[in-house]
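Here's a quick briefing to read with the structure open beside you. Have a look at the chains first, then work through the points below.

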There are 4 protein chains.
Amino acid sequence: MDKYQRILDAAISVFAEQGFFQSTIAQIAKEAGVADGTIYLYFKNKDDILVQFYQYKTRQIFERFRDAVGQPTTAEEKLRCLIRVHLQEFQKDRNMAIVYQAETHQNRRLGNEQIKEMSKMYRDIISEVVELGQDEGTIRKDLYMGLVKRFINGAVDEVINSWIHSGGQYDLVTMADPLVDLFIKGIGGSSEAELTD
Amino acid sequence: MDKYQRILDAAISVFAEQGFFQSTIAQIAKEAGVADGTIYLYFKNKDDILVQFYQYKTRQIFERFRDAVGQPTTAEEKLRCLIRVHLQEFQKDRNMAIVYQAETHQNRRLGNEQIKEMSKMYRDIISEVVELGQDEGTIRKDLYMGLVKRFINGAVDEVINSWIHSGGQYDLVTMADPLVDLFIKGIGGSSEAELTD
Amino acid sequence: MDKYQRILDAAISVFAEQGFFQSTIAQIAKEAGVADGTIYLYFKNKDDILVQFYQYKTRQIFERFRDAVGQPTTAEEKLRCLIRVHLQEFQKDRNMAIVYQAETHQNRRLGNEQIKEMSKMYRDIISEVVELGQDEGTIRKDLYMGLVKRFINGAVDEVINSWIHSGGQYDLVTMADPLVDLFIKGIGGSSEAELTD
Amino acid sequence: MDKYQRILDAAISVFAEQGFFQSTIAQIAKEAGVADGTIYLYFKNKDDILVQFYQYKTRQIFERFRDAVGQPTTAEEKLRCLIRVHLQEFQKDRNMAIVYQAETHQNRRLGNEQIKEMSKMYRDIISEVVELGQDEGTIRKDLYMGLVKRFINGAVDEVINSWIHSGGQYDLVTMADPLVDLFIKGIGGSSEAELTD
DNA sequence: CATGAATGAGGGTTCATTCAT
DNA sequence: AATGAATGAACCCTCATTCAT
């Protein structure tokens, strides 16, 4: 593998293990099997590693999200597919998941703009899908879109978080269908219950 | 005000502004209007400030959550009340909200156990409410409880996060009712809704 | 006991346990059962405690040394008595012994003058005794007095040191007679001794 | 010179000047002509400098002591040689002498074990020599060996101490022969001496 | 390109000393 | 006289970054 990738992977691994601030360049260099100074041939500084992680590594994931919603035709299928791919990708690369979740919930940080943009991109996808559903008639129209986006984004994030904190011991992807079910139908009583209303 | 409180408030304020690791004892001391050394009369070390923040400051909030679900009788009202109080408290103390959100999503950190326990407590409340609703017949029985807890917890968290990142410019509490509505009914179109559109 | 003594004793005890620099005013205050600030009513500063220790506590011991050599008449008996009292006094107050031995062998220290003066006083006593012996004809005349003083002083010190490092587990005073024997006769074999063996 | 040596020498020089606890890393670094941080490339921490001083610098001296007693054949010559080399080595490196004397007489200190072991090694040499003398018939058999070792060790130490405190102004090695003379013959009047007087 | 020894600014922490009560 | 909370200077140590090889 090329040295840039080796360093980036090593860094994410170390960040995942210890958190960004508690990780040292020396640790990353050792993990990557290069000298400390070598890292500065590929990255401007320590912060830049995180920035580039966002720029290159997660950008590719969001392309897969785009693909995911591109294939199905109905809104529900698009949403289901998005979430399945989301969980798949994060399950596939646990270190990335850890670093992404941790850094995304930091507030004042470098690469802040990167992260905001990335989250926005994700929520834009959700918006599109939801709007499609509203056009289809499969999704309610009396929704505050800003809230719906957070609602879905947050729930998925927390499911991933739990999986991370559990040590990644169960299959994350199996959560996709039940989760979409909750998004669509909520936890409220079934149609019989509604009929009695 | 009590010096302990002054320091704790100052620390949370500084942590909220810059993040735990980028905050210095000197900054906290200055913000609190005390000497650097004074902090060590009240806290064992820098980490201990965060630990005590969790132990004393947020514990009180969770007691309010308990109160919140104790008053209403129906599950839906309990849930609504819980979320309203949750948003209220976090809106009331924005610094606390920022630090809480940031640290809760860190993985490897001191006070890890504190935080896990706190999150668990919150999700236990949700479990109880949901189970009550299932007994009432107002909440579906075909739910995977572990998932429902994350679903609600995550969505609320993300709503708070968004509010924080927006700079706290809108009224967070108004989100409570629409959010509960989403939890209960989901985003799926009900037949009437579709007809009326 | 008066507070001055309590503090001085506590300080010597703490110094003996941890060494001067690793001892804190707080520890001494706690040991003495007084507040930190109280110490400064009796002592100018931390260093002053050591200085006063030399001035008051050990000065009294050296008066006993004077007494010891004053009573016997022959040089050998004076020497024997001096050393016996020396070992007795140091055995009686082990903390004093530890602090005295440690600080005496420091070079650059406050109270330097105090210590030098004290050691000189001790060696002056030895000089007097040895000179008396030379007059008596019981001690050789072909001696370099400066060396003899160190010879005796050093040997006694090291015997005390060993006792300290052993944890003070044996009776130090029993060393007095064999030690004086070595001073007087040396380790060399006398012809009689060889014949009798 | 090797940077490790430069730092070690600088440290011993500063320790000799000010004592271990009053010396700062900054002073040592300045004396060695390196940056503060550089010291930590060669030593684990401040304490470690002292430990390594004992491990490397003084160990070599004790090898010379071994050589010194190895060459002569009679006990007296061995003892004379040991003490001459001892004084020589300490005279040659005054800073080493100061630090060694000071730290050896501390009680509660790091590297305690190192120091105890070193002192024991020295006294073991003395034991061997004395026992040889007893076999030869040149040294009395009615000796308590534990005391003899302290007697010799302490006297030599104090001679060195005096020389240090005098500012190293006279030739220390000339003390060797008179000192051995005292060890062997003691200060007591010999029968011939008494007769001639 | 790669190295890793060297740097030195910066931060957490300690603790002798003071002083208002 | 006695207290002990408060102070802040000082120090050890870390570690991101540089640069000569």
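What share of the 197 residues of chain A counts as buried? The figure is 57%. Keep in mind that this is a predicted model.

**Chain A by itself**

- The C-alpha trace of chain A spans about 70 × 30 × 30 Å along its principal axes.
- If you take the contacts in chain A with a separation of 6 or more, 67% of them are between residues 24 or more positions apart.

**Helix 8 of chain A**

- Helix 8 of chain A has 21 residues and reaches 30 Å from its first C-alpha to its last, which is close to the 30 Å expected at 1.5 Å a residue.
- This helix is mostly covered, with 20 of its 21 residues buried.
- After helix 8 of chain A comes A:Gly167, and its phi is positive, near 95 degrees.

**Where chain A meets chain B**

- Chain A puts 52 residues into the contact, and chain B puts in 52 residues.
- About 4,600 Å² is buried between chain A and chain B, and carbon and sulfur atoms give 60% of that.
- On the chain A side, the residues that lose the most area to chain B are A:Arg140, A:Phe151 and A:Ile187, together 18% of what that side buries.
- There are 4 salt bridges across the interface of chain A and chain B. B:Arg140 and A:Asp181 meet in a salt bridge through their side chains, at 2.6 Å from N to O.
- You'll also find 15 residue pairs in polar contact across the interface of chain A and chain B, both residues being at pLDDT 80 or more.
- The elements of chain A that give two or more residues to the side touching chain B are helix 1 (3-18), helix 6 (94-104), helix 7 (112-136), helix 8 (145-165) and helix 9 (176-185). Helix 8 of chain A gives the most, with 14 residues.
- By class, the side of chain A that touches chain B has 22 nonpolar, 18 polar and 12 charged residues.

**Where chain C meets chain D**

- Here the contact takes 53 residues from chain C and 53 residues from chain D.
- The area buried between chain C and chain D is about 4,700 Å², with 60% coming from carbon and sulfur atoms.
- C:Arg140, C:Phe151 and C:Ile187 supply 17% of the area that chain C buries against chain D, more than any other three residues.
- The interface of chain C and chain D holds 4 salt bridges. D:Arg140 and C:Asp181 pair up in a salt bridge between their side chains (2.6 Å, N to O).
- Polar contacts across the interface of chain C and chain D come to 15 residue pairs, both at pLDDT 80 or more.
- Helix 8 of chain C supplies the largest share of the side of chain C that touches chain D, 14 residues.
- That side of chain C divides into 21 nonpolar, 18 polar and 14 charged residues.

**Chain pairs that don't meet**

- Chain B and chain C do not touch, and their nearest C-alpha atoms are 13 Å apart.
- No contact joins chain B and chain D either, with their closest C-alpha atoms 21 Å apart.

Methods:
Residues numbered from 1 in each chain as written. Chains lettered and ligands numbered in written order. Heavy atoms only, no water. Contact = heavy atoms within 4.5 Å. Buried area = accessible area lost by both parts, 1.4 Å probe. Polar contact = N/O pair within 3.5 Å; in protein donor to acceptor, adjacent residues only side chain to side chain. Helix = DSSP H or I, 4+ residues; strand = E, 2+ residues; numbered from the N terminus. Nonpolar A, V, L, I, M, F, W, Y, C, P; charged D, E, K, R; others polar. Expected span 1.5 Å × (residues − 1). Buried < 20%, exposed > 50% of the residue type's maximum accessible area, 1.4 Å probe, protein only.
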